[in-house]
Amino acid sequence: MPRTKRHTPTHADGRPLKITFADMRSMGVRGVLVYCHCGRHVALDADRWPNEVRLSDIEPQFVCQGCGSRGADVRPDFDRGNPRLAIIGLKETAN
Ligand SMILES: [Zn+2]
C-alpha cells in the first residue's frame, strides 16, 4: 500500500515552518518525528516539551545512532501510530 502524502506545513522552499508545540497541539498532533539526513528516524511523544518551545529548538538535542550526526529534523507526526515510522534510529542526549 503506498504511503499517503501528508500536508506538513512548509515554506515555499520546502523548509518546515518554525512552529511551536502549542501550534502542533492545536492541529491535534501529539507526537513528533525526528529525522536524520541519513534516513533514520524515530517517533517520539511530544508531551515532554512545553508549549512555547519550537520544534526547531530541540533539533540540536538529537544524535543519530546510525551515522553519529548531531542535529536532526523535527516534524509534526501526522502519521502517529503508523508502525512503519516507528523505527528507532535516534536517541536523545541529556537536556
Ligand atoms: Zn544518521
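Among contacts in the chain between residues at least 6 apart in sequence, 68% join residues at least 24 apart; two residues are in contact if their C-beta atoms, placed from the backbone, lie within 7 Å. The structure is a predicted model, in which local features need pLDDT of at least 70 and side-chain atom pairs count only at pLDDT 80 or more, while totals for chains, interfaces and linings use all residues. Residues are numbered from 1 along each chain as its sequence is written.

The average pLDDT of the chain is 80, and 65% of the residues score at least 70; pLDDT is the predictor's confidence in each residue, from 0 to 100.

The chain contains 1 helix and 5 strands, arranged along the sequence in the pattern α-β-β-β-β-β. Helices (H or I, at least four residues) and strands (E, at least two) are DSSP runs, numbered from the N terminus.

An open sheet is formed by 3 strands in the order β2-β1-β4, with antiparallel pairing. Because β2 and β4 stand at the edges, each with a single partner strand, one side of each is left without a neighbour in the sheet. From one strand to the next the twist averages 25 degrees, with axes taken as lines fitted to C-alpha atoms, for helices over the stretch in contact, and angles running from 0 to 180 degrees between N-to-C directions. Two strands count as paired if DSSP finds at least two bridges between them. Strands of a sheet pair through backbone hydrogen bonds, either parallel or antiparallel.

Strand β1 (residues 31-35) is joined to strand β2 (residues 41-45) by 5 bridges, and the two run antiparallel. They form a hairpin with 5 residues between them, and G39 in the turn has a positive phi of about 110 degrees. Strand β1 also pairs with strand β4 (residues 73-76) in the antiparallel sense, over 4 bridges.

| Pair | Distance along the chain | C-alpha separation |
|---|---|---|
| L33 and A43 | 10 residues | 4.5 Å |
| Y35 and V74 | 39 residues | 6.3 Å |
| V42 and V74 | 32 residues | 9.7 Å |

Of the 95 residues of the chain, 19% count as buried. A residue is buried if 20 or more other C-beta atoms lie within 10 Å of its own, exposed if 12 or fewer, and partly exposed in between, with C-beta atoms placed from the backbone. L33, in strand β1, counts as buried because it has 22 C-beta neighbours inside 10 Å. V42 lies in strand β2 and is likewise buried, because 21 C-beta neighbours fall inside 10 Å. Y35 belongs to strand β1, but it counts as partly exposed because it has 19 C-beta neighbours inside 10 Å. Not counting residues up to four places away in sequence, Y35 touches H41, A72, D73 and R75.

The largest nonpolar core has 14 residues, and those with the most contacts inside it are M24, V32, V34, A46, L55, A72 and V74. Helix α1 (21-26), β1 and β3 each supply at least two residues of this core, and β1 gives the most, with 3 residues. Such a core is a set of buried Ala, Val, Leu, Ile, Met, Phe, Trp, Tyr and Cys residues joined through C-beta atoms within 7 Å. In soluble globular proteins, nonpolar side chains tend to be buried together.
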